[in-house]
Amino acid sequence: MTGQVQAQTATAAPLLSLEAIDKSYGSMPVLKGCSLEVARGETVVLIGPSGSGKSTLLRCVNLLESINAGRIVFNGAEIADTHAEAPKLRRRIGMVFQNFELFGHLSAIENIMLAPVRVLGLSRADAHDIALSLLKKVHIPDKADHYPDELSGGQQQRVAIARALAMKPELMLFDEPTSALDPEMIREVLDVMVELSQEGMTSLVVTHEMGFARRAADRVVFMEKGEIVENAPVEVFFSGSGNPRSQKFLSQILH
Amino acid sequence: MTISLSLILEYLVSPVFVQGAVTTLLITVSSILSGVVIGLLLALMQESRFGAIRGGTTLYLWLFRGTPVLFQIIFVFNVLPSFGIILSGFVSGVLALSLNEGAYMAEIMRSGLQAVKRGQKVAGRALGMTEWQVLRFVVLPQAARVILPPVGNQLIGMMKLSALVSAIAVQDLLLAANQTASADFHYFEALTAAGIYYLAMTTVFMVLQAALERRLATRRRSANPPVSLTRRLIGMTGAQSAVR
């Protein structure tokens, strides 16, 4: 799969391109000249110690965080950070959060239907069909009418993935999607993500799950102190021949 | 003194009392609805990035909480005409009660908005919703569960406050009763009839409120235990609206 993606990278412009992104909170820099490209169909895993800026970088992509300098190019067009443009961009980029953030007043299927109906203007019947097929895709069609507080963490996260997919995004952002889950539920969420990746969904994933990176990633990006230290194909990254700082981090999280 | 039950009954069905009760009901409902809208706007303005807007709301709350509502009613009715704004007694009353109610609703709305976690708004935005859509489809429906019980209390409080408009000659239930009584000195019968109307309306509000809260509670376990109807009736709901 990796070879195919690399061939694609060579011929087509990347779907997402971050160019020298700087961001700081007050006088504290959190991102320092981060550059990263994600090709269509590629799965890129972002890893690094906490506070390294990986979640912030992810949130800059769909303008949940504003940047101080640099350029974000999505699908060939530079992204302008304006109130009018941000919602339009976000329709095309799905996001999954650490704490699921399902809407508590809506059932699973209503959570998935909300944005297609209200944002895209789909009919309820059409949105319902899409939502049901997505619940099948994440393996919980029987939970359609359950409310978030009646679902396990793993089930909630899978509904959240379905909710993001309902907008038919061109890119999916995963912000530590399994960090808030009990160990026995991590697998069911990762399996869904691996399936998505194999179907060619372009994904940028912040995670500590190295098993997922091995199974699904095309490339692994290691960040530390707001900088991208290493950006390598997955087999190179795990071969032990990469950057010493990322190898040190790897040995720490793998014990 | 002889008490005539038939006269009470006669008053209850007389056009003057029925119209008075309808006026009271209209004043109550329109004031509470406008109060909710004003309160929501104030609550949203308090979250504004701009200091001037936040300052403006503080000034508003200070003015309307710091003066008696009867003063505000009389002020609107008697002072606005000298600026060329001539409003009927009914409109003046509703305007003053709404503006006053908004100042108290702001706090209720704010607690409701704050009960919805930030991550929920972020999730709405990430789906491509505009700020208005996030408010309308994500925040307000969830805030409503928190807001509903205290708004119900305010509604009952407003029904009682509405009697103050009789001071600016609006033919509400109280003025209707008082004028009827002073015409033939049957104070007991006339005011009893008015009292029956007030009790009937507040009871209906309480029953509606309890039913609505029960409907919400079946879906979601409420942080507040349900309040029995008897406790509501004698005003032991904890967050009873303040006497102004």
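This is a predicted model: local features need pLDDT of at least 70, side-chain atom pairs count only at pLDDT 80 or more; totals for chains, interfaces and linings use all residues.
**View 1. An open sheet of 6 strands in chain A.** Welcome to the sheet, whose strands follow the order 6-7-8-3-9-10 with mixed pairing. Its edges are strand 6 (93–96) and strand 10 (227–233) of chain A, and each of these pairs on one side only. From one strand to the next, the twist averages 15 degrees. Look also for helix 2 (residues 54–61) of chain A, which packs on the sheet. This helix touches strand 3 (43–47), strand 6, strand 7, strand 8 and strand 9 (219–224) of chain A, and its direction makes about 145 degrees with that of strand 8 of chain A.

**View 2. Strand 7 beside strand 8 in chain A.** Here, strand 7 (residues 171–175) and strand 8 (residues 202–206) of chain A run parallel, joined by 5 bridges. To find your place, look for A:Met172, which stands opposite A:Ser203 in strand 8 of chain A.

**View 3. The hairpin of strand 1 and strand 2 in chain A.** Strand 1 (residues 16–25) and strand 2 (residues 28–38) of chain A run antiparallel, with 7 bridges between them. A:Lys23 stands opposite A:Leu31 in strand 2 of chain A. Between the two strands there are 2 residues, and A:Gly26 in this hairpin takes a positive phi near 65 degrees.

**View 4. Where domain 1 of chain A touches domain 2 of chain A.** Domain 1 covers 1–92 + 202–255 of chain A, while domain 2 covers 93–169. Their C-alpha centres lie 26 Å apart. At the contact, 6 residues of domain 1 of chain A meet 5 residues of domain 2 of chain A. The domain 1 side has 2 nonpolar, 1 polar and 3 charged residues.

Key. Residues are numbered from 1 along each chain as its sequence is written. Chains are lettered from A and ligands numbered from 1 in the order in which they are written. Two strands pair if DSSP finds at least two bridges between them. Helices (H or I, at least four residues) and strands (E, at least two) are DSSP runs, numbered from the N terminus. Axes are lines fitted to C-alpha atoms, for helices over the stretch in contact, and angles run from 0 to 180 degrees between N-to-C directions. Two residues are in contact if their C-beta atoms, placed from the backbone, lie within 7 Å. Domain bounds come from an automatic or database domain assignment. Ala, Val, Leu, Ile, Met, Phe, Trp, Tyr, Cys and Pro count as nonpolar, Asp, Glu, Lys and Arg as charged, and the others, Gly among them, as polar.
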